[in-house]
There are 2 protein chains.
Amino acid sequence: MQAFDFFNTLPNQLQKSILARTKHLHLAQGELLYEQGDAFASLVLIKKGKLSVYRHHETGQTLTLYTLDESNNIDVSSAGMHASCIGSAKADEQSEVLIVPLTDIYRLLSKNSDFQEYLFELFMQRNASLAQAMEDLRFKTLDQRVYDWLKQRHVSSLSITHEEIANYHGTRREVISRVLKKFELQGAVKLSRNRIEMIA
Amino acid sequence: MQAFDFFNTLPNQLQKSILARTKHLHLAQGELLYEQGDAFASLVLIKKGKLSVYRHHETGQTLTLYTLDESNNIDVSSAGMHASCIGSAKADEQSEVLIVPLTDIYRLLSKNSDFQEYLFELFMQRNASLAQAMEDLRFKTLDQRVYDWLKQRHVSSLSITHEEIANYHGTRREVISRVLKKFELQGAVKLSRNRIEMIA
């Protein structure tokens with residue numbers, strides 16, 4: 001917990017009691033932290049790694065709602081106590097997370113105004129990112145969404161399967177393969193087995 | 001403020017100081033409360049009426065993110081202090097709202113655990129509704145979205161223009177007119193000037 005700024009501003013006694021109730025989890029790549037519909041009333045702090053929170057659809061396809069990493073490191077899975085998780089959280093790579101029960105969060109909110117503001121900002125960032133994702137889904141084509149998503153990774157070469165890209169964007173593998181093939185013909189990417197090289 | 005349960009549980013002195021800083025606004029139909037991008041760091045409590053929070057797109061089209069009414073009566077427009085509104089809020093009908101500055105909200109959070117839990121639930125409901133809207137945008141056709149939306153109004157007859165439906169769903173008036181015409185041919189609705197009658 002000491003890695004998180006707000007925590008260090010708390011009174012010593014409160015720090016101790018929160019630490020005593022915090023679980024430290026190591027997740028392997030692909031491991032699930034919680035599932036859509038679960039009652040998992042906890043704050044999730046990402047210490048290391050990357051998680052995706054994604055939505056299941058009755059067709060078996062999935063759509064990523066948002067991702068979590070160290071820069072964007074807190075997730076409230078299902079506050080309050082009676083709500084259920086809006087998606088499933090899976091580790092995209094080996095990750096380390098801290099789990100703090102919501103009851104402790106309520107205590108934190110009472111004692112620490114920095115933490116209140118931090119958590120509010122976080123909720124609003126989540127809302128803003130979901131709103132942007134809605135706008136993109138409505139006004140961008142799948143081609144544009146996939147292309148922008150590849151560009152946003154800021155890497156020249158990406159090790160990923162077409163299946164994984166499909167799961168992110170809520171579509172099927174064959175559709176993504178067609179989109180990527182089109183990008184290749186346009187000279188924007190170069191494809192090899194489970195690897196995409198960005199050219200343009 | 002007395003119309004809101006959590007408020008009545010607060011100490012008298014706190015109630016008074018919040019009331020002194022709460023603004024009571026009457027909005028005419030079509031009136032804007034805040035605009036996308038505004039810094040409007042307040043809690044908005046809906047006392048009466050209905051508001052839509054919608055997203056502007058560069059094409060001039062708009063997409064409704066969520067709606068607010070008495071049953072779902074609190075909106076945090078742009079918490080924290082530094083964030084900007086994710087959409088514009090407009091009164092769909094004559095409405096009455098209370099505006100509480102965020103600084104007072106932080107005080108409320110410290111003093112009242114019911115309010116904490118209430119606000120957390122609210123944020124999660126908002127997240128859940130945005131996630132559902134993302135899923136619908138991805139996996140439902142526009143026809144299905146418009147049809148489900150009409151059904152969800154639970155009215156046999158609806159006074160609304162095609163333009164208004166288009167603004168809700170992020171599309172153009174002509175597209176909605178075509179969709180409704182198709183519904184009419186299928187015997188699901190009956191159309192007259194600015195009115196839709198549900199049949200099926």
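Reply: What follows covers the cavities and their linings.

This is a predicted model, in which local features need pLDDT of at least 70, side-chain atom pairs count only at pLDDT 80 or more, and totals for chains, interfaces and linings use all residues. Residues are numbered from 1 along each chain as its sequence is written, chains are lettered from A and ligands numbered from 1 in the order written, and side-chain values use heavy atoms, without hydrogens or water.

The whole structure holds two cavities of 30 Å³ or more. A cavity is a set of points, on a 1 Å grid over the protein atoms alone, where a 1.4 Å probe fits but cannot get out; lining residues have an atom within 4 Å of a point. Points are joined across faces, edges and corners, and the volume is the space filled by probe spheres set on them.

Take the largest cavity. Its volume is about 40 Å³. In chain B, β6 (74-76) and α4 (113-139) each give two or more residues. Helices (H or I, at least four residues) and strands (E, at least two) are DSSP runs, numbered from the N terminus. α4(B) gives the most, with three residues. The lining has three nonpolar, one polar and two charged residues. Here Ala, Val, Leu, Ile, Met, Phe, Trp, Tyr, Cys and Pro are nonpolar, Asp, Glu, Lys and Arg charged, and the others, Gly among them, polar.

Now the second largest cavity. It holds about 40 Å³ of space. Asp75(A), Val76(A), Leu122(A), Phe123(A), Arg126(A) and Asn127(B) line it. α4(A) gives the most, with three residues.

Key: 1 Å grid on protein atoms, 1.4 Å probe; cavity = no way out; pocket = protein on both sides within 12 Å on 5 of 7 lines; lining within 4 Å.
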